[in-house]
Amino acid sequence: MAPEMLADRLVLRPLVATDLAAVVAIDQAITGRARRAYFERRLAAALRDPGGHIQVAVADREILVGFALAGVLHGEFGQDVTTVALETIGVRPDHRWKGAGDALLGGLEEVMRHKAIRELQTQAAWTDHELLRFLDHHRFSLAPRQVVGCAVAERGSF
Amino acid sequence: MDYRLESSRRLHDEHMAAEGLLARLETTLARIGRAPAPPPEDQELRALLGSLTAAIEGEIVPHFRFEEESVFPALIAVGDDAMAALLREEHDVILPLASRLAELARRADFDADSWAEFHRLGLEFRVRLRDHIDREEIGLLPLMENLLEPEEV
């Protein structure tokens, strides 16, 4: 019998209020800070406006190992169509690059299909290389009008 | 979007006004071109220069200051510092551009060199500010709506 693969154990499900402590812990493992207030307020916003928010979670043997929070933008400024903006995504460091991030984005896309939304966008710091690599892996591309600059005097040698 | 916070609505309205100004700037720069310098009696340009100076000094600079002094600290206090860092970097690029543009616009008597500079900076200002506005519309305002309370901004 083949050994059970981690990716096969991952279960995608909606993120629920009782996941709050686990979400804070995963985020703290990534950022080094406990941002309970951030997630409490984000949860309150989702409860206030359920249609404007999407939350998905991925669990391994019922233990939360990743989450993604996104907002629905209804034809906002500069946008002709409804889009989804990925706000925060977090995966336990010991589960990275093992399928949890794929599952989370797949879950978001599934919700978007139900809502007939075709575009997912996000913003990332130019220097957040690991996140950019993850986004690139998932076929995100730079939006138009992206401007990057560099002061010549500060540029390091190649 | 229906804004819960008065501050979000105000920032959004200011973005709309700035977009209108950027559209005028784009049209005028395209009409005149990089050279030769426009004649002093170009009334459309004179009106634009007045609007541009007023908007930079009376709206855009205070808009950035409000974000840096009120909005960003409130977001950081709740735990989101990434958006503030990203937008601050953009402010640091846009503000000197805006300041130089306003300086040139106030003088208004363009020779070939000063017009070429105004034209180049105007195009850069348009691209950078529009990109910045987009980022605030899809990133900052939803974040404020999600995370902040009216008494915090």
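Arg92(A) is partly exposed in this predicted model, with a relative accessible area of 27%, where buried means under 20% relative accessible area, exposed over 50%, and partly exposed in between (1.4 Å probe, protein chains only). Its side chain meets that of Asp94(A) in a salt bridge of 2.8 Å, N to O, a salt bridge being a side-chain nitrogen of Lys or Arg within 4 Å of a carboxyl oxygen of Asp or Glu. Asp94(A) is likewise partly exposed, at 41% relative accessible area. Over all chains, 25 salt bridges are found in the whole structure.

The model is predicted, so that local features need pLDDT of at least 70 and side-chain atom pairs count only at pLDDT 80 or more, while totals for chains, interfaces and linings use all residues. Residues are numbered from 1 along each chain as its sequence is written, chains are lettered from A and ligands numbered from 1 in the order in which they are written, and side-chain values use heavy atoms, with hydrogens and water left out.

In chain B, a salt bridge joins Asp42(B) to Arg31(B), with the closest N and O atoms 3.1 Å apart. This pair links distant parts of the chain, as Asp42(B) lies in the loop between H1 and helix H2 (43–78) of chain B and Arg31(B) lies in helix H1, eleven residues apart. Helices (H or I, at least four residues) and strands (E, at least two) are DSSP runs, numbered from the N terminus. Asp42(B) counts as buried at 12% relative accessibility, whereas Arg31(B) is partly exposed at 44%.

A further salt bridge is formed by the side chains of Glu103(B) and Arg107(B), at 3.2 Å, N to O. Because the two residues are four residues apart in helix H3 (residues 82–107) of chain B, about one helical turn separates Glu103(B) from Arg107(B). Both partners are partly exposed, Glu103(B) at 31% and Arg107(B) at 49% relative accessibility.

The secondary structure of chain B consists of four helices and zero strands, in the order α-α-α-α from the N terminus. Along the principal axes, the C-alpha atoms of this chain fill a box of roughly 50 × 25 × 20 Å. Of its 153 residues, 54% count as buried. Among contacts in chain B (heavy atoms within 4.5 Å) with a separation of 6 or more, 80% are between residues 24 or more positions apart. Ser8(B), found in helix H1 (residues 6–32), is buried with a relative accessible area of 0%. Apart from neighbours within four places in sequence, Ser8(B) is in contact with Tyr3(B), Leu141(B), Met144(B) and Glu145(B).

The second largest pocket holds about 170 Å³ of space. Of its 14 lining residues, Leu15(A), Val16(A), Leu43(A), Gln55(A) and Leu69(A) are the closest to the centre. A pocket is an open set of points on a 1 Å grid over the protein atoms alone where a 1.4 Å probe fits, with protein on both sides within 12 Å along at least five of seven lines; lining residues have an atom within 4 Å of a point. Helix H2 (20–31), helix H3 (36–48) and strand E3 (63–73) of chain A each supply at least two residues of the lining, and the largest share, five residues, comes from H3(A).

Note on methods: Grid points are joined across faces, edges and corners, and a volume is the space filled by probe spheres set on the points.
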